[in-house]
Amino acid sequence: EMHDAEHGYQFSGIYIYKGAGGDLPEIVRGDYVAVTGQIQDWYGQLELTWISDVEIIEAGMKVPDPVLESAENIGTEGDLADEYEGVLCLVQAGEVTELNPPADTGDMDPTNEYVLDFALRINDHFFLTEPFPQVGQMMTVMGILRWANNDSKLEPRDEMDIVPELGLPSFVPGTAFVNQGLVDASTTPPLMLHFNTWVPEGGAVVTLE
């Protein structure tokens, strides 16, 4: 895990625009690389571009643990938004406060974004959150912090980076019966519960009234 003794993981990440790539090698998560290119300010996003060489020093390395931060700190104009740009960050139990916020320069509606705690946009540059959350839902989201379209946005990499609070949006059938006084009995017909995400190992207890 590479970080600075004084700044920790602040200023430790950068977006690399590889472009068409030419004869450059393909890069996968876990590759430890040396990259040669030019620093560019792309509408506020600091990036390494015009890449002339990529050397894969070692493959299959452990990806650094994410930086645990609040949506407020790393959201647009947040106190640490610049420091953690390009860094893997984790926001735990943030509340969804807006869906599809208005597009800014270079983007278009619908943005396929949602906002946590009125501060941080969760975007779909790498992966679209499915199912799309609802306002008021609690979400734990990990991703790369990126500046784009005049906003700081967290970019989840895949479905494993998004963990919605376990919820029960529906069940079928709408009516089922169980005999009074029975314990550990099945309903007639069987009652099927549909959760909004995977159930933790060991199952989940649902109380019915």
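This report walks through a predicted model of one protein chain, from its overall form to a few individual residues.

Residues are numbered from 1 along each chain as its sequence is written. Because the model is predicted, local features need pLDDT of at least 70 and side-chain atom pairs count only at pLDDT 80 or more, while totals for chains, interfaces and linings use all residues; side-chain values use heavy atoms, with hydrogens and water left out.

## The whole chain

Let us start with the overall fold. The chain has one helix and 12 strands. Here helices (H or I, at least four residues) and strands (E, at least two) are DSSP runs, numbered from the N terminus. Following the sequence, the order is β-β-β-β-α-β-β-β-β-β-β-β-β. The radius of gyration is 22 Å, well over the 17 Å that the globule rule gives for 209 residues, so the chain is more spread out than a compact globule. That radius is taken over C-alpha atoms, and the globule rule is 2.2 Å times the number of residues to the power 0.38. Along the principal axes, the C-alpha atoms fill a box of roughly 75 × 40 × 35 Å.

How much of the chain is buried? Buried residues make up 31% of the 209 residues. Buried means under 20% relative accessible area, exposed means over 50%, and partly exposed lies in between (1.4 Å probe, protein chains only). The chain exposes about 13,400 Å², and carbon and sulfur atoms supply 53% of that area. Accessible areas come from the Shrake-Rupley method with a 1.4 Å probe; for residues, only the protein chains shown count as cover. Among contacts (heavy atoms within 4.5 Å) between residues at least 6 apart in sequence, 55% join residues at least 24 apart.

## Salt bridges

The structure holds nine salt bridges. In each, a side-chain nitrogen of Lys or Arg lies within 4 Å of a carboxyl oxygen of Asp or Glu.

| Pair | N to O distance |
|---|---|
| Lysine 18 and glutamate 26 | 3.9 Å |
| Arginine 29 and aspartate 158 | 3.3 Å |
| Aspartate 65 and lysine 62 | 3.0 Å |

What does the bridge between arginine 29 and aspartate 158 tie together? Arginine 29 lies in the loop between β1 (15-16) and β2, and aspartate 158 in the loop between β9 (151-155) and β10 (162-164), so the pair ties together parts that are 129 residues apart in sequence.

In the other two pairs, lysine 18 is partly exposed at 24% relative accessibility, and glutamate 26 is exposed at 64%. Aspartate 65 is partly exposed at 45%, and lysine 62 is exposed at 56%. Salt bridges also link Asp107, Glu113, Arg121, Asp151 and Lys153 in a network.

## A nonpolar patch and a buried glutamine

On the surface, Ile14, Ile16, Ile39 and Leu46 form a nonpolar patch with about 340 Å² of accessible area together. Patches are made of residues with over 30% relative accessible area and no salt bridge; like charges are joined within 9 Å and nonpolar side chains (Val, Leu, Ile, Met, Phe, Trp, Tyr) within 5 Å. Isoleucine 39 sits in strand β2 (residues 32-42) and is exposed, with a relative accessible area of 56%.

Glutamine 45 lies in strand β3 (residues 45-58) and counts as buried at 5% relative accessibility. Its side chain makes a polar contact of 3.0 Å with the side chain of glutamate 47. A polar contact is a pair of N or O atoms within 3.5 Å; within protein, one must be able to donate a hydrogen and the other to accept it, and residues adjacent in sequence count only if both atoms are side-chain atoms. Leaving aside neighbours within four places in sequence, glutamine 45 touches Tyr15, Gln40, Glu85, Arg146 and Trp147.

## Loops worth a look

Asparagine 112 is in the loop between β5 (88-99) and β6 (114-116) and is partly exposed at 30% relative accessibility. Its side chain joins that of aspartate 124 in a polar contact of 3.4 Å. Proline 110 is also in the loop between β5 and β6, and a cis peptide bond with omega of about -5° joins aspartate 109 to proline 110.

Another cis peptide bond runs from glutamate 130 to proline 131, with omega near -5°. Proline 131 lies in the loop between β7 (120-122) and β8 (138-148).

Finally, asparagine 150, in the loop between β8 and β9, has a positive phi of about 70° although it is not a glycine.
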